[in-house]
Amino acid sequence: MRKLLLTASVLALAATAMPASAETIRWARGADALTLDPHSQNEGTTHTFAHHIYETLVWRDTEGTLIPRLATEWALKDGDDTTWVFTLREGVTFHDGAEFNAEDVVFSLDRARSERSNMRQLHADVESVTAVDDYTVEVKLKGPSPLYPNNLTNTFMMDKTWSETNDVVEVQDYAGGEDNYAVRNTNGTGPYKLVSREVGVRSVLEVNPDHWAETDPAVTEIIYTPISDAATRVAALLSGEVDFVQDVPVQDIERLSSTDGIKVATGPENRIIYFGYRLGEEPLASSDVTDKNPFADPKVLEAMHLSIDRDAIKEVVMRGNSVPTGVATPPFVNGWTEELDAYPAPDLERARALMEEAGYADGFTVTLDTPNNRYVNDEAISQAVVGMLGQIGIRVTLASRPVAQHSPLVTNGDTDFYLLGWGVPTFDSAYIFNDLIHTKAGNYGAYNPSGYSNPELDAKIESLGTQTDLEARDATIAEIWATIQEDRVLLPVHNQVLAYATKSNFTIDVHPENQPNMSNVTIGE
């Protein structure tokens, strides 16, 4: 009999476990939101939780279509193709009763593009944000930016007065370990209010009776419980202690699908899973090669790519629930092509020859940093890759930790070799380039700890923000991808496939951004 790990989350859940009312949903996931400061972390789990409390000007439905939220309309200003005009929804209030207006949008967009914000790359081309009147906002950009509204789906609106009163005008410095009032306290306009929060243990939300939506949600209370251990998470669903498991382990999909009273929904996610590595000449901190960096040699990078058996990872590790790929972008995204998506078959003989040519016939050591509670089977993927790299002499020590500790390693550049996943809420390649490829500087490169820097490529990446000729823009995107692939900047593995499991009376559609919204849940008998 397999022993289950009783985490603090589960102990808290068990202590309060009772039959849920028809209006309550008990939601379990592998990880907690990293913070509740809306502009601190550009991270999917954090955004998904925040979307219930805070709202954006625009967002996407389950089909990926851009739809109105706090903005009812948006259009380029007449005669000025560098200025977007947003018409705001009237009659919206924050949870404390304050009125939502243009002043709050100006404050929120300026805060989101400030130096500490992890969202700033999305607003890198913004020159100014201006309130025309109480319900009209103009966003002036450095040049024409026809796709700018796509960048707003995870930029949340805050109350300017509340932020000033509670000294949270500046964004939390998450990587620096800073705390502020907005980390555990909220005041949004969303369909739910925060009732209580125990970080990493349990958070409770209740329906906002004054929300602007015409239809009231069927779910009136959310009990959110992060349960990092996969077996414990599934056991909680089977025992009736939770109603919804967002990240079903691939090994349990078939069993849950055939269990009475439980249903499983699956679908592709707009997310790539990949490995990154420190590039440049400086020696790696975790390697036994102390006079140079093995990853600086293109032959080593090529050998690594040829040693990864993506199909084996799909079949063995992911139980068929992944889409192997050779490029670090999902098929949802503008810029993806079948040609880019092609990946090499493993060729260990050629890989070993390349290692020898590079001067590493005896291999080398390195530490691989991986999260263990963020992506589907993230630690198991890393374990598989450790074995595959071992076949060509790269001896990898695996360092596994929760995403809350893993994420700062990446953003601070304190890692030699790492696993990460990247969703693309804009559905455009520029979002990948801005954060993962561009030189780490200013508004760009927030998730580029590799040291990779190509000034010519940086200029092309920056140009995408204001290119109006979409054919020419797509050609630039293709050129950038060609360079990324040639330089082996990233080591892509697969696109993630999602599985949601619920009690049979709940219906929750699989969202391509993995952002299920409890206000859209339907409840049957």
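Analyst: A residue counts as buried when its relative accessible area is under 20%, as exposed when it is over 50%, and as partly exposed in between. Keep in mind that this is a predicted model.

Start with Pro298. Its relative accessible area is 60%, so Pro298 is exposed. Pro298 has its place in helix α7. Now look back along the chain to Pro144. The two prolines, Pro298 and Pro144, are 154 residues apart in sequence, and their C-alpha atoms are separated by 38 Å.

Helix α7 spans 298–307 and is part of what covers the buried residues of α8. That brings us to α8 itself. Which of its residues are buried? They are Arg310, Ile313 and Val317. Viewed down the axis of α8, these buried residues fall within an arc of 70 degrees, so they line one face of the helix. An α-helix has 3.6 residues a turn, so residues three or four places apart point the same way. On the other side of α8, Glu315 and Val316 are exposed.

What lies over the buried face? The cover for the buried residues of α8 includes α7, β13 (322–324), α11 and β17 (491–503).

Take α11 next. Helix α8 covers residues 310–317, and helix α11 covers residues 378–390. Their axes come within 11 Å and cross at roughly 135 degrees. That angle makes α8 oblique to α11. The crossing of α8 past α11 is right-handed. On the α8 side, the contact is made by Ala312, Ile313 and Val317. On the α11 side, Ala380, Ile381, Ala384, Val385 and Met388 take part. What kinds of residue are these? In the contact of α8 with α11, eight are nonpolar, none is polar and none is charged. Note Ile313 and Val317: both are among the buried residues of α8, and both belong to the contact with α11.

Now leave α8 and follow the chain. Arg319 lies in the loop between α8 and β13. Phi of Arg319 is near 55 degrees, a positive value in a residue other than glycine. Most residues other than glycine have a negative phi.

Leu348 comes next on the tour. Leu348 is found in helix α10, residues 348–357. With a relative accessible area of 22%, Leu348 is partly exposed. Beyond its neighbours within four places in sequence, Leu348 is in contact with Ser307, Gln391 and Ile392. Ser163 is another matter. Leu348 and Ser163 are 185 residues apart in sequence, and 56 Å separates them C-alpha to C-alpha.

Further on is Phe427. Where does Phe427 lie? Phe427 sits in the loop between β16 (417–423) and α13 (430–437). Phi of Phe427 is near 60 degrees, again a positive value in a residue other than glycine. At 15% relative accessibility, Phe427 counts as buried.

The axes of α13 and α15 come within 11 Å and cross at roughly 40 degrees. That makes α13 oblique to α15. The crossing of α13 past α15 is left-handed. From α13, the contact uses Ala430, Ile432, Phe433 and Ile437. From α15, it uses Arg473, Ile477, Ile480, Trp481 and Ile484. This contact of α13 with α15 has eight nonpolar residues, no polar ones and one charged one.

Helix α15 also meets α14. Helix α14 runs over residues 455–463, and helix α15 over residues 470–487. Their axes come within 10 Å and cross at roughly 145 degrees. The crossing of α14 and α15 is left-handed. Leu457, Lys460, Ile461 and Ser463 of α14 make the contact with Thr476, Glu479, Ile480, Thr483 and Ile484 of α15. What is the make-up here? The contact of α14 with α15 divides into four nonpolar, three polar and two charged residues.

Conventions. Residues are numbered from 1 along each chain as its sequence is written. This is a predicted model: local features need pLDDT of at least 70, side-chain atom pairs count only at pLDDT 80 or more; totals for chains, interfaces and linings use all residues. Side-chain values use heavy atoms; hydrogens and water are left out. Axes are lines fitted to C-alpha atoms, for helices over the stretch in contact, and angles run from 0 to 180 degrees between N-to-C directions. Helices (H or I, at least four residues) and strands (E, at least two) are DSSP runs, numbered from the N terminus. Angles under 35 degrees count as roughly parallel, over 145 as roughly antiparallel, 65 to 115 as roughly perpendicular and the rest as oblique. A crossing is left-handed if the near helix is turned anticlockwise from the far one by less than a right angle, and right-handed if clockwise. Contact means heavy atoms within 4.5 Å. Ala, Val, Leu, Ile, Met, Phe, Trp, Tyr, Cys and Pro count as nonpolar, Asp, Glu, Lys and Arg as charged, and the others, Gly among them, as polar. Buried means under 20% relative accessible area, exposed over 50%, partly exposed in between (1.4 Å probe, protein chains only). The arc is that of the directions from the helix axis to the C-beta atoms.
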